[in-house]
Every structure is written in structure tokens, then in C-alpha cells.
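Thanks for coming. I will go through the interface of one dimer. Please look at the display.

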There are 2 protein chains.
Amino acid sequence: VSARAGIVVTGTEVLSGIIADRNGPWLAERLRERGVQLAHVMIVGDRPEDLRAALEFLAREGMDLIITSGGLGPTADDLTAEVVAEFAGREMRLDEALEGRIAAILERLRARWRSMDRPDADPLDQDARPDAQRASTLDAMRLGNRKQAMVPEGATVLEPVGTAPGLVVPAGGTTVLVLPGPPGELQPMWRAAQETAALAAALAGAGVFEQRIMRLFGPPESEIAKTLRDAESDGVPLDRLEITTCLRRGEIEIATVFEPDAADDYAAFEAAVLERHGATVFARDGETIDDLVAGALLGPPVRTVAVAESCTGGLMAGRLTDRAGSSEYVLGGLTVYSNEAKVELAGVDGALIERHGAVSPEVAAALADGAIERLGSDIGIGITGIAGPGGGSELKPVGTVCLSVAARGGSRIDRTLQLPGNRAMVRERTTTVAMHLLRRLLDGGTD
Amino acid sequence: VSARAGIVVTGTEVLSGIIADRNGPWLAERLRERGVQLAHVMIVGDRPEDLRAALEFLAREGMDLIITSGGLGPTADDLTAEVVAEFAGREMRLDEALEGRIAAILERLRARWRSMDRPDADPLDQDARPDAQRASTLDAMRLGNRKQAMVPEGATVLEPVGTAPGLVVPAGGTTVLVLPGPPGELQPMWRAAQETAALAAALAGAGVFEQRIMRLFGPPESEIAKTLRDAESDGVPLDRLEITTCLRRGEIEIATVFEPDAADDYAAFEAAVLERHGATVFARDGETIDDLVAGALLGPPVRTVAVAESCTGGLMAGRLTDRAGSSEYVLGGLTVYSNEAKVELAGVDGALIERHGAVSPEVAAALADGAIERLGSDIGIGITGIAGPGGGSELKPVGTVCLSVAARGGSRIDRTLQLPGNRAMVRERTTTVAMHLLRRLLDGGTD
């Protein structure tokens with residue numbers, strides 16, 4: 001049996017839904033890679049008794065490892081280290097060497113904090129701040145320094161990435177890994193924790209696992225469940241594969257974790273999925289459609305792309321430029337929301353809009369051509385549609401989207417779709433469909 | 001004392017971090033509005049013993065209300081209703097009338113499922129699917145129908161929004177509200193649950209609360225903590241205000257919940273924040289910068305806006321068009337990633353780029369002018385910067401962004417900033433800064 005783990009995310013802002021937790025999902029993926037079974041994620045506020053109750057619950061449930069995130073800051077309501085120490089039955093002691101190292105970090109930060117410590121500062125103003133006000137912030141920092149250097153006796157200290165150290169705290173039958181809340185600090189510290197003997201001991205029961213991800217574009221999620229059942233009754237052994245399927249951004253993701261000696265079982269499972277779902281499987285090892293499109297555009301030879309979009313209002317260009325290095329192949333885009341802009345900027349014939357309507361396959365094609373023409377790209381993407389909530393009609397309800405992807409003087413793929421969901425979902429799904437059409441064109445598809 | 005609640009989100013995809021939970025945060029906000037104190041959010045997978053342990057933990061911790069989301073589907077691994085019944089010590093009984101109502105829903109859905117039941121379907125193909133394959137999916141649906149009509153004895157049934165009914169289940173000292181996982185079903189059902197006597201009884205202890213949100217752009221979060229301390233030592237009573245501060249998208253949000261008779265305390269607190277943070281407070285009652293910009297653009301008179309953007313690659317136009325009805329005032333945008341596009345499309349003088357570099361205040365201003373010129377708008381936004389990770393230099397490090405917001409033939413506000421964070425953060429923060437500059441210009445500001 002593999003090791004079991006629980007995660008406790010602390011913070012009133014997360015509990016109250018004001019900010020989304022990014023640490024739970026990130027740690028969950030790391031645990032899966034590490035072959036540790038995650039049983040519970042718990043979110044608690046800043047009340048120490050609730051954190052204490054969560055730790056006790058997870059210990060009672062037999063977790064080998066408990067990971068906490070947050071509550072390590074310098075202020076009085078940052079109580080995680082103290083509560084964990086109490087839970088583990090260990091005294092808090094000042095680690096003087098650590099105090100010195102934190103002080104050195106604060107000293108280095110000092111110069112960079114210039115623009116961050118005036119309460120009524122014009123945020124758009126780059127002037128230096130008065131020294132007196134800066135000093136008050138620094139005083140508060142020094143007070144917090146000593147607090148952050150208090151460590152439960154017998155715990156392993158993880159060096160600060162920001163100013164807060166992390167901890168590995170043995171607690172009877174379980175081990176508590178105490179990490180800071182900011183993802184930029186938590187993630188490197190997780191990696192550092194892997195090197196400690198204390199964590200290795202806690203996870204001694206965890207094996208080595210492999211993870212593979214397939215992605216499909218097209219079939220409904222219910223069909224994947226049916227494929228699993230059918231494969232099993234056809235004799236494909238699934239019991240050593242931990243398979244998770246989910247719908248993400250309009251695509252199906254099948255994530256599977258298995259021990260290395262179940263590799264043949266996975267191969268048989270993958271073959272069954274490929275046989276049944278054929279060309280809708282676009283990724284066999286975790287690639288995203290964005291990865292595939294970027295790879296195809298980079299060539300060699302590099303092919304350049306430009307966008308002329310209406311209902312997606314800039315999101316298509318935004319998605320293409322999301323990736324570092326995309327300036328290699330993205331020339332730019334036209335967001336042509338008004339009909340005038342479609343005509344003036346993208347060179348769409350006004351008579352075409354008059355005759356077929358702004359949301360029509362003809363206008364989508366003209367937008368793709370206009371993108372090529374105006375930006376001088378090899379490939380153009382044209383998008384026009386009704387994202388809602390208003391603007392729909394009997395013939396063209398909300399969710400109607402016309403897409404066209406064209407190569408300069410070459411092939412073209414056009415689609416008109418009805419997409420489900422609200423305005424934000426229609427806009428996002430549209431960019432996903434466009435990415436798939438673009439990939440098909442780049443692979444030499446013509447329809 | 002107010003009522004206390006816990007939330008249990010079920011589902012392996014959520015636990016494993018593959019999909020983000022949207023129900024916990026949504027329910028947390030509803031509970032806050034309702035004056036219920038949320039103590040724990042727990043995420044469990046599909047193992048019934050883990051769900052059972054979570055329910056028992058929350059009951060032991062004295063929750064008046066436990067809300068579950070997910071696990072109400074038609075398949076065998078959807079076990080929430082059964083586990084809750086067992087936890088509450090109630091038998092499962094078939095509700096025949098409910099079974100009939102679910103059957104009627106499935107019948108209505110049938111016609112709309114045409115395009116969703118072929119496993120190897122080209123997702124971009126709109127053709128009808130063969131009848132035989134459709135039938136196999138419908139068989140599976142009928143099997144699930146009976147399962148979904150099994151109800152714990154003595155529970156209140158909440159009518160299905162999709163196909164799954166919800167439940168209010170009294171369980172000794174606590175009440176379990178069982179809701180489906182899809183947010184589109186959970187949210188309307190939460191509202192329906194408010195009308196039931198069973199839920200009213202569970203929340204009898206909850207009072208009526210008010211919630212107010214202030215938003216600030218500029219000061220660091222640590223300064224807000226200091227403002228709270230200072231206000232308290234100046235005699236502003238804060239003990240009846242539940243104040244949560246957080247950093248969101250580069251802005252500070254101060255959310256406060258209080259009972260109506262603490263309204264004077266809130267007024268004093270608000271005055272203290274306004275006095276200390278002055279013009280950086282841009283919203284006193286929950287408005288977002290996007291709300292304020294939209295309101296200012298709508299006038300009357302309406303003022304139109306257009307964008308010419310480089311490093312944000314379409315996201316600025318995407319943000320402006322996020323809002324339903326934005327076609328009233330957004331004419332469109334130019335994503336000018338390449339220098340050629342800046343010259344050809346936005347009309348930037350090539351010599352300007354040569355002389356000052358593509359990332360320069362001069363080019364940002366020329367982009368704003370170009371947006372006005374090319375799209376015929378009243379206002380233009382120009383953005384150019386280095387989002388990273390590459391492209392930085394000693395003089396212009398990654399995070400350097402130049403913005404210009406200009407009115408046709410009128411005033412102009414320019415800024416050059418150094419933004420922290422990775423590529424995605426720099427791009428998003430840039431759009432936030434641009435929204436604030438736009439609002440300032442719309443309010444008649446000139447710098």
C-alpha cells in the first residue's frame with residue numbers, strides 16, 4: 001500500500017472564497033507524481049483551534065504525511081508553526097543562526113522596497129518614498145524576524161525562499177511538512193524538502209510511479225466511462241491503473257498513474273482508447289493543443305499567424321501570445337468588434353456583412369483573409385460569433401460561432417458551431433476550437 | 001453566536017488538482033452573506049470512507065450545517081446520497097414520484113443529445129449520429145434514473161436542475177445539505193434550498209449581516225494591516241467588524257461583514273481608511289475597476305475606446321470586451337506584436353522605434369494615437385512592454401511596461417512601470433494598470 005497524505009491550506013481569504021487556492025492543486029499533482037495517495041484537502045481560516053482540529057483529524061485518519069500551506073508570516077495572526085508544534089508536542093525554540101539569516105534577507109530586500117511603503121502613494125507614481133515612512137515598515141519587519149526564527153524542537157528547517165522558513169516536524173505516527181503560502185515560495189521549498197531525511201522517512205512507503213496523460217477533443221465524458229467498461233470486459237486489465245478522466249476547457253483529459261511494472265497494462269489501455277476514439281486523441285503524453293500548435297508553427301520552416309476576431313474580442317490573440325517566444329510566429333491581431341472596424345481594419349466587404357450578417361461563414365472567411373492581408377502572415381484566423389447574453393436570434397442563437405482558418409493562397413478550413421454555456425465559456429471554447437482547426441490546417445488538413 | 005458551517009467538496013478530479021473547485025468559493029460567499037460562519041472546506045475523492053470521515057469530523061466540530069457538493073450522478077461511483085443517509089442513520093427509499101419526474105427530464109433531454117453520443121465523432125462535425133449508438137447511451141441513462149430517485153427517509157427533496165435531485169437531511173445535531181457538483185446545477189439549487197423549512201431550522205441561529213467591500217489600488221497589503229492597528233489605537237471599534245483583506249489582481253480588497261447595528265462602527269472604519277489611503281480607494285461598495293470604466297464610457301455621452309497593444313497581446317481588448325454590452329463602447333483593438341505590425345497597422349513611425357526602441361513611452365503614445373486614428377475612437381490605449389521571460393536588458397528589465405491613454409485631440413496620461421512577477425502576471429497587471437489610467441482620464445484627470 002502506498003503512503004497517504006492530507007493537505008491543510010490555511011487563510012481566511014482562501015476559506016472565504018475571496019482568493020482561489022493554488023497550492024492544494026499543485027501539491028496534489030506533486031504527491032501523485034511521488035506515488036503518494038492524497039486523501040483529504042482541508043481549508044481552514046486563521047482560527048488556531050480549527051487548524052488544530054484539522055491536524056488531529058488527519059492524524060486520526062492515519063495520514064503518513066500532512067502538508068500545511070500558509071500562516072508563516074511575521075504578524076501575530078500567523079500561527080501555523082506554533083499550532084503544529086503544540087500538535088506534535090514540541091517546544092518552540094529560537095534558532096539564532098536562522099534569525100541571523102532572515103535578518104540578512106530582510107537587509108537585501110530593503111533596497112527593493114522603496115516603492116512599497118507609502119500608504120497613500122499614487123500607485124502610478126514612480127517617485128522614491130520619504131525615509132521616515134519607509135522606516136516604520138522596516139521596524140515591523142524586524143519584529144517579525146524573531147517570530148519567524150522560532151522553530152519546534154527537533155524539526156528540520158527548510159531555508160526561506162522569501163523570508164519565512166519551512167519546517168519538517170515529526171509528530172508521532174505522522175510527519176507535518178510546514179510550507180509558506182505564496183506559491184512562489186511554496187514550490188521551490190517543496191523541492192528542497194524532498195532532499196531531507198525527515199521527509200524521506202515519512203514517505204518510505206511510497207513507491208515510484210509513472211504518470212501519463214491523454215487528451216481528446218470531441219467525445220463526451222460519458223463515452224470515456226463506457227470505453228473503460230468495454231475495455232475491461234474485453235480483457236484489458238485496469239485494476240493496476242489509477243485512471244482519472246475530466247473535462248477541461250472543452251477537452252477530455254485522461255490521467256493515469258501506475259507502477260512501472262504495470263506499463264504493459266497501460267499500453268493495452270492506451271491501445272483500446274486509440275482504437276475506439278481514433279483521431280479525437282490529439283495528445284498521448286500530456287501535450288496541450290497549445291504545445292502542438294506552437295511546435296507546428298515553429299516548423300522549420302516557421303509559419304506566421306495573425307488573427308481577426310470579433311466575439312472573442314482579443315482572447316484568441318491573447319491565447320496565442322500566452323507563451324514565451326510566441327513573437328517568433330505571432331505577427332498580431334485585429335479585434336474588430338464594430339462592423340466599421342471589420343470593414344476598415346480587416347478589409348471585409350461591407351456588402352458581405354449586409355448580405356449575410358456579421359456572424360456568417362462568409363464574414364469569418366473574409367476576416368481570416370483580412371488578417372493575412374493586413375498583417376502579412378502565412379496563416380489567418382477569422383472568428384465572428386454571438387457570445388451573448390444578448391444578440392441572439394431564432395436562426396443564430398447565442399453560442400453561434402463561425403470560424404475560418406486559412407493559409408495564404410492555399411487551403412482553408414471553415415466551421416460554424418453552436419457552443420453551450422455563458423458568455424465567458426463561449427469565448428473560451430471558441431479559442432479552443434480555433435486552436436484545433438489551426439493545428440489541423442498546419443498538419444496539412446483541408447477540412 | 002452565529003451558526004457554523006462546513007463544506008465537503010467530493011470528486012477525485014478536484015482532489016487530485018486536475019480541475020479547480022468552483023463550488024467551495026461560491027458557497028463560502030453565500031454563507032457569508034447569510035451570516036453563517038464557515039469553519040472548514042474539505043475536499044475528498046470518491047472513496048466513501050473518506051467522505052464519511054469528513055462528515056463525522058464536521059459533526060464532531062459542532063457544525064450546524066454541512067454542505068456537500070458532487071457525487072449525485074447516475075453511475076455506481078456516485079455515492080454521496082448513500083453515505084449521507086448512513087451518516088444520518090436513515091434508510092434509503094425509492095421516491096416513485098421523483099423517479100417519474102426524472103424520467104420526464106431525461107425524455108426532454110433526449111432530443112438535444114443527438115450530437116453528444118458518438119465516441120469517434122469529429123468534434124467539428126455537425127452531422128447527426130447513428131441511432132444505434134444513441135440508444136446505448138440512453139439505456140445507461142435509464143439505469144441511473146432509478147438510482148437518482150433513492151432518497152434518505154425523512155429528507156427534503158430539492159427538485160433537479162439537471163437530472164440530480166438535491167437533499168436536505170437532518171442528522172442529529174447537524175443538517176446536511178446535499179447539492180450536485182456542476183456549478184450550473186448547484187447554484188440555482190442553493191437558492192431553492194433557502195425556501196425549505198429544513199434549512200431554515202438549521203440556520204435559525206444565523207442573523208442578518210451586511211457585507212461591504214472597499215477596493216484600493218496602490219498601497220501594499222502590509223500598510224492596510226497597519227491602518228487597522230492605527231485605527232484601533234485611535235479608538236475606532238473594530239471588534240464587531242469581521243474584516244478580511246487580500247491582494248487580488250494587483251488591487252487590495254477589504255471585505256467587511258457586520259450586523260446591522262454595527263453600521264456606525266463600519267462608518268468610522270471606512271472613514272479611517274479613506275483618511276489614510278485617500279484617492280487610492282477607488283470603490284466603497286464592491287464596484288470593480290471594470291464596472292467603473294464601463295460606467296464612465298457609457299456616459300452619457302458614450303465615449304468609444306480602442307486599443308493598440310503589444311506585450312498584452314490581445315488581453316487588454318479581451319478584458320474590455322469581457323462584459324456583456326461592451327460593443328456599445330469598444331470599437332476594437334490592434335495586437336501589434338511585430339515591429340512591422342506597429343508601423344503598418346497602428347501607424348507608428350518606424351524612426352520612432354529605431355530611435356527609442358519598441359518598448360518606450362514614445363512608442364506607447366504613438367500606439368494610443370494609432371488606435372484612435374485607425375479605429376476612429378474617442379479614446380486610445382497604447383501598451384508596449386517586456387512580459388518576459390526573455391527580452392529584458394539592464395536598462396529595460398523584464399516587467400518594464402509603457403502605457404499611454406489618450407483622448408482624441410485632448411489630454412493624455414503616460415506611465416512607465418516595472419511590474420513584478422512572471423509573464424502571465426506582468427500581462428495581467430498591465431491590463432489592471434491600464435484600466436486605472438483609463439478611468440483617471442475619463443474622470444478628467446490629466447496625469
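Which side chain meets that of A:R427 in a salt bridge? That of B:D322, at 3.7 Å from N to O; a salt bridge here is a side-chain nitrogen of Lys or Arg within 4 Å of a carboxyl oxygen of Asp or Glu. Between chain A and chain B the count is 4 salt bridges.

Some conventions. This is a predicted model, where local features need pLDDT of at least 70, side-chain atom pairs count only at pLDDT 80 or more, and totals for chains, interfaces and linings use all residues. Residues are numbered from 1 along each chain as its sequence is written, chains are lettered from A in the order in which they are written, and side-chain values use heavy atoms, with hydrogens and water left out.

Now the contact, meaning heavy atoms within 4.5 Å. Chain A contributes 92 residues and chain B 91 residues. The two chains bury about 7,100 Å², with 58% of that on carbon and sulfur atoms; this is accessible area (1.4 Å probe) lost on being put together, summed over both parts.

Next, strands, which are DSSP runs of E of at least two residues, numbered from the N terminus. Strand 14 (residues 330-336) of chain A pairs with strand 14 (residues 330-336) of chain B, antiparallel, over 5 bridges; pairing requires at least two DSSP bridges. In this pairing A:G332 stands opposite B:V336.

Of the contact residues of chain A, 99% recur in chain B.

Methods: Helix = DSSP H or I, 4+ residues; strand = E, 2+ residues; numbered from the N terminus.
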